[in-house]
Amino acid sequence: MDWNQHALLWNHALIRMMDIRFLTLPRGSEPYIYRLPASGFMYVASGQAKVHAEADTYQVEQHDLLHGGKGIRLVIEPDEEWFSFYLILYKATLTYPRSRQIHRLYAEIRPFDIPYVCSLTSTSLLQGLLADMIRHWQHPLPVYKLKVKASFYQFVFELMRMLDEQEREGSKPDLVELTVRYLQENYQKSITMDELAVMFNCSVSHLSRAFKHQMGASPIHYLIQIRMEHAKELLLGSKASLKTIADRIGYPDGFYFSRMFKKHTGYSPQHYRNLFTGTTDMHPVPYSPFNKAGIDMEQGSFSQYTENYYQYIQGEKQMKKMYTKPSTVAMTMLLCFALLLGACQSTANNAATSTIQGSSSPAARETAAAGAVEEPATTRIYKHLDGETEIPLEPKRVFTDLKVGQMMALGVKPIGSATYPLQTGFINSEGIEDVGIYPLNLEKLAALEPDLIILTEAWRDGGGYEVFSKIAPTVVIPNHAESMADELRMFGDLLGKKEEGERWLADFEAKVKTAKEKVDAVIGGEETFTILNVRKDAFFIYDDVNMGGSIIYKYLGLKPLEKVQADVLDGEVWEVSAEVVPEYIGDHLLLATNKDAGETLERYEKLWTNTSAVKNDKVYQIDFEQFLLSDPISLSHQLDIITDLLVEKNK
């Protein structure tokens with residue numbers, strides 16, 4: 001067949017989707033009889049069967065595709081234990097152009113009615129599109145039916161292209177070319193090497209070697225490059241929030257996206273947006289390299305807070321009426337004091353002024369002026385992600401959205417914070433006002449009368465920097481710092497508590513040294529560790545940042561499994577499928593299970609029974625909520641918990 005002629009006629013058709021089904025027939029069941037109510041495709045997902053289509057009989061197996069027109073009677077007899085297939089029904093109407101050639105071609109080919117069966121050499125793209133179509137077809141909202149139609153057109157395009165290539169070349173398509181095309185078209189999805197290998201019917205190592213030889217990078221790194229380019233376009237071409245951008249390019253939340261963007265571009269997302277759109281002068285935050293370590297937020301809890309922009313309806317004029325900068329009162333009192341002081345000393349100052357004004361010698365004027373008393377400064381200019389702000393030298397009433405533990409380690413209790421850090425980890429929230437989840441309650445925040453607001457870059461989207469700065473002097477800091485020590489030093493500088501910060505770090509260093517001695521006494525130097533988080537229908541392997549990772553790998557210096565080191569710490573793997581979890585489990589396993597993941601754990605934990613950690617009873621249960629944060633207070637408690645667990649089980 002001339003598939004290009006088929007494609008030409010498809011291009012002139014109006015398509016209406018009639019039905020999409022996924023059916024499974026057990027071996028030995030009665031033949032499945034069905035008369036097509038419209039034109040349709042039947043794609044074999046697994047198994048083998050005899051398919052009778054009117055007078056013709058076909059032996060079909062996995063990856064075969066059958067097409068038929070309206071009214072064809074199908075009789076399907078499974079040969080194997082299970083036979084599963086997709087059925088896509090559509091109605092096509094040709095929009096006849098004035099070209100007689102197109103009219104004549106349609107009469108000859110009848111592409112929507114003609115029956116044919118073909119064996120496809122590579123179906124990864126088609127399988128993904130079929131899965132998308134049936135998922136969106138089952139969605140209750142009508143708008144998702146539009147997505148089905150878009151995917152169907154892409155399905156037809158891939159099918160026509162594939163059939164044309166097979167007919168012309170008579171060989172398998174290029175593996176790397178298929179992978180590149182799949183990554184470019186599906187970068188928004190969660191993709192792993194294991195899934196790619198299964199999809200293209202090859203081993204992970206073969207796919208990785210072939211791809212790297214031809215493209216100069218691994219498939220996952222190529223995927224990241226695609227995502228970063230799309231992220232740059234969205235940052236510069238829209239006002240989308242970090243959460244929205246993360247959703248669009250395939251990352252679980254805005255914080256993880258920020259970390260990846262900084263790692264691969266050298267800029268935090270907001271820094272990049274401001275720098276290249278020219279919206280403001282950017283300055284690095286002292287002691288705080290951008291976006292490496294920090295908070296890991298569970299989807300459905302924190303991530304939903306950053307989903308929408310805060311819409312400030314009152315307007316700027318009303319905002320000015322509602323909120324008065326705390327510095328206004330202080331400046332008024334200072335002015336009155338200066339006037340009073342000037343009145344009391346008018347006689348002496350008049351004489352000094354006369355001498356200064358009358359002298360022609362600059363040296364004399366400088367000598368006379370030296371007698372003036374200069375008031376000590378109470379504020380300073382602080383450079384941050386959104387510009388420069390005049391802040392108090394020693395702020396007394398500080399609000400922070402997330403960084404409560406950083407402040408508490410310095411002996412400073414914030415007057416308020418967002419809900420999240422007050423309900424997670426080890427923070428004593430007594431006396432700290434909860435101003436809600438994202439977006440923050442600005443009226444409640446203003447009522448606290450802060451003299452300094454410290455916002456992480458993602459959270460200041462909940463109103464905008466300008467809105468927060470009308471309440472009090474506001475500083476915008478990166479979501480994450482390079483390390484806990486860097487972040488604590490930054491807060492020490494912000495709050496006038498540098499010495500307190502250095503003392504805390506020295507004490508923590510001594511505590512780590514003691515803990516390491518205890519652990520080294522019971523853990524061998526070659527024993528390997530893994531951190532696994534089980535969520536509802538999802539599995540995550542953690543690196544050296546969150547969920548106890550910094551404690552295990554950085555502070556205690558314990559060894560990750562080689563695959564964890566290569567894929568997670570040095571690579572980009574985060575979420576993995578249940579089947580490959582055992583490959584990541586070392587001699588010791590730290591296991592954190594979310595509250596709604598009990599059924600998932602029960603269903604899959606049997607896969608791990610033969611791993612070293614399980615067989616030798618080296619599995620340590622940790623509390624997901626307690627290990628989410630990586631502030632100084634949380635890390636200190638996490639160090640105690642992990643040290644006690646390891647020492648107790650390995651005595």
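A salt bridge is counted here when a side-chain nitrogen of Lys or Arg lies within 4 Å of a carboxyl oxygen of Asp or Glu. In general, side chains of opposite charge can pair when their charged atoms come close. The model is a predicted one, and it holds 20 salt bridges.

One of these salt bridges joins E54 to R35, with the closest N and O atoms 3.8 Å apart. This pair links distant parts of the chain: E54 lies in the loop between β4 (48-53) and β5 (56-61), while R35 belongs to strand β2 (residues 32-35), 19 residues apart. R35 has a relative accessible area of 48%, so this residue is partly exposed.

Another salt bridge is formed by R110 and D113, whose closest N and O atoms are 3.1 Å apart. R110 counts as partly exposed because its relative accessibility is 37%. D113 is likewise partly exposed, at 31% relative accessibility.

K497 and E500 form a further salt bridge, and here the closest N and O atoms are 3.9 Å apart. K497 is partly exposed, with a relative accessible area of 25%, and E500 counts as partly exposed at 25% relative accessibility. Elsewhere among the charged residues, R380, D493 and K498 are joined into one network by salt bridges that share partners.

Strand β17 covers residues 528-535, and eight of its eight residues are buried, so that the strand is mostly covered. The cover extends to both faces of β17. On one side T528, T530, L532 and V534 are buried, and on the other F529, I531, N533 and R535 are buried.

Which strands pair with β17, and in what sense? With strand β21 (residues 588-593), β17 pairs in the parallel sense over six bridges. Within that pairing, T530 has L589 of β21 as its bridge partner. Strand β19 (residues 559-560) also runs parallel to β17, and two bridges join them; here the bridge partner of F529 is P560 in β19. With strand β18 (residues 538-541), by contrast, the pairing is antiparallel and involves four bridges. In that pairing, V534 stands opposite F539 of β18. β17 and β18 form a hairpin with two residues between the strands, in which D537 takes a positive phi near 60°.

In helix α9 (residues 242-249), the buried residues include L242, K243, I245, A246 and I249. These residues cover an arc of only 165° around the axis, which puts them on the same side of α9. Just after α9, G250 takes a positive phi of about 100°.

Aromatic rings provide a further set of contacts. Rings of Phe, Tyr and Trp count as a pair if their centres lie within 6.5 Å, and the count by this rule comes to 24 aromatic pairs. In one of them, the rings of Y32 and Y34 have their centres 6.2 Å apart and their planes at 20°, so the pair is stacked. Y34 is buried, since its relative accessible area is 14%.

A second aromatic pair brings the discussion back to β18. F539 and W608 form an edge-to-face pair, with 6.5 Å from centre to centre and 85° between the planes. The pair links distant parts of the chain: F539 is in strand β18, whereas W608 is in the loop between α24 (598-604) and α25 (612-615), 69 residues apart. Both F539 and W608 are buried.

Finally, the surface deserves attention. L141, V143 and Y144 form a nonpolar patch there, with about 260 Å² of accessible area together. L141 lies in the loop between α3 (124-137) and α4 (143-169). The relative accessibility of L141 is 45%, and L141 therefore counts as partly exposed.

Notes: Residues numbered from 1 in each chain as written. Predicted model: local features only at pLDDT ≥ 70, side-chain atom pairs only at ≥ 80, totals over all residues. Heavy atoms only, no water. Patch = residues over 30% accessible without salt bridge, like charges linked within 9 Å, V, L, I, M, F, W, Y side chains within 5 Å. Areas by Shrake-Rupley, 256 points an atom, 1.4 Å probe, with all protein chains shown as cover. Buried < 20%, exposed > 50% of the residue type's maximum accessible area, 1.4 Å probe, protein only. Pairing = 2+ DSSP bridges. Arc of directions from axis to C-beta. Phe/Tyr/Trp six-rings, centres within 6.5 Å; stacked < 30°, edge-to-face > 60°.
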